[in-house]
Amino acid sequence: MSLIVQKFGGSSVADADGIRRVARRIVETRNRGHDVVVVVSAMGDTTDELLDLAHEVTRKPPARELDMLLTAGERISMALLAMAVSGMGAPAQSFTGSQAGMVTDGAHGAALLVEVNPQRVRESLDQGNIAIIAGFQGVHRSTKDITTLGRGGSDTTAVALAAALDADVCEIYSDVDGVFTADPRIAPRARKLDVVSSEEMLELAANGAKILHLRCVEYARRFGVKLHVRSSFTQNEGTWVIPGPEDAATSPKEIPLEQPLIAGIAHDRSQAKVTVVGVPDKPGIAARIFRLLAEAKVNVDMIVQNISTGDNPLTDLSFTVDESQGDLAMSLLRAAEEKIGYAGLEYDDQVGKLSLVGAGMKSNPGVTFTFFEALASADINIDMISTSEVRISVVTAADRLDEAVRVVHSAFDLDTDEEATVYAGTGR
């Protein structure tokens, strides 16, 4: 008997019909002879709605209380799903993140797992139950406070449980049939990938692809968890995320001798650009700026510094941060104006990031030209550029981002003849 961990996103359990549909799939999996552990997200856009409500009540909700509020969404889902499964004749028990042994550090809103001890989940399975766990949440060992793992954290919950329970596979269910070459809501003719390497999936997730949470992919690669990304609305084969060619013997799909040139295109609307104008171009200044941000746990993504000239050279230093941390970054820099010695600050939250990802890019010199020619042909201006061996990223105006995704997607012949199906969800 194999053990399967199944994770269902909010769009899959958005209403009573969705919950019953998911329950039938879970019971069918059990009836095929498998032990089943389920991780579930909050229903539909519940998390966003709770966030909106919190900010209507107060401009700055306390982080501890915000975590208490947001975890309610997953607890509702787990209980309703357990009821639906039980109503179909299969015994089920629901568990909160803390009951399932998800122990975290004390960082409210973005907690890290420090221990996974699913003893109660294992006992429930041994008693013949289907175990249903609330994703996205854990508990701090010393304070006993409830914490959340950050947006998309239910994916991480599922993979962490799969690793701790030595599951045969972790199935991530959503409202599309797998990992596509672009978001099918923006590029309707995007192509579904049968197999994607964890390296490529890490880049896609890190650069805005919402289909899998970045930390989930990192965790799966570190602990050798097989991921199968698929739709909860169909029985179609999804996308397998594999560690690499060296694991071909254990992969459910045959690895091609040559990886495809481009794995996909990711986009991110949550970025903001900060420019520090007129910075003295001398050693140590950049370190001062980024030390300030690091000490406040502000994550910096892309960085560009202009070339300086003259006897007393000054330069402009631009970088991107998550929009939610933009105000904090600006306030830190304003407070350090005298220490850094800059001439001014600029802030732009109307930007978007577009990333082209593919392990085959590094051996093909025509990729960069094709990428930038496609953007130029659509008269899309570029503010910042960043590259790695498997990625090219640019920052452009937010109102041109969707068009940029489509023109680049077409330029690399990623379009298919048929439109992809998005079964549910708003993409919010």
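Modeller: A crossing counts as right-handed if the near helix is turned clockwise from the far one by less than a right angle, and left-handed if anticlockwise. The crossing of H1 and H3 is right-handed. This is a predicted model, in which local features need pLDDT of at least 70, side-chain atom pairs count only at pLDDT 80 or more, and totals for chains, interfaces and linings use all residues. Residues are numbered from 1 along each chain as its sequence is written, and side-chain values use heavy atoms, without hydrogens or water.

Biologist: Why is H1 called oblique to H3?

Modeller: Helix H1 (residues 16-31) packs on H3 at an angle of about 60°, with the axes 9 Å apart. Angles under 35 degrees are roughly parallel, over 145 roughly antiparallel, 65 to 115 roughly perpendicular, and the rest oblique. H1 is therefore oblique to H3.

Biologist: Which residues make that contact?

Modeller: H1 gives Ile 19, Val 22, Ala 23, Ile 26 and Val 27. H3 gives Leu 80, Leu 81, Ala 84 and Val 85. Contact means heavy atoms within 4.5 Å. By class, the H1 and H3 contact has nine nonpolar, no polar and no charged residues.

Biologist: Where does UniProt place the "binding site" feature?

Modeller: The unreviewed UniProt entry places the feature at Thr 47 and Glu 74. They are spread over 28 residues of sequence, yet cluster in space, with a largest C-alpha distance of 8.8 Å. Thr 47 lies in helix H2 (residues 46-57), and Glu 74 in helix H3 (residues 63-87).

Biologist: Why is Thr 47 called buried?

Modeller: Its relative accessible area is 9%. Buried means under 20%, exposed over 50%, partly exposed in between (1.4 Å probe, protein chains only). So Thr 47 is buried.

Biologist: How do you know that Glu 74 is buried?

Modeller: Its relative accessible area is 3%, so Glu 74 is buried.

Biologist: What does Thr 47 contact?

Modeller: Leaving aside neighbours within four places in sequence, Thr 47 contacts Ala 42, Leu 70, Glu 74 and Arg 151. With those neighbours again left aside, Glu 74 has contacts including Ala 42, Thr 47, Phe 136 and Ser 154.

Methods: UniProt positions are given in the numbering used here, feature names are shortened, and annotations may be inferred rather than shown by experiment. Helices (H or I, at least four residues) and strands (E, at least two) are DSSP runs, numbered from the N terminus. Axes are lines fitted to C-alpha atoms, for helices over the stretch in contact, and angles run from 0 to 180 degrees between N-to-C directions. Ala, Val, Leu, Ile, Met, Phe, Trp, Tyr, Cys and Pro count as nonpolar, Asp, Glu, Lys and Arg as charged, and the others, Gly among them, as polar.
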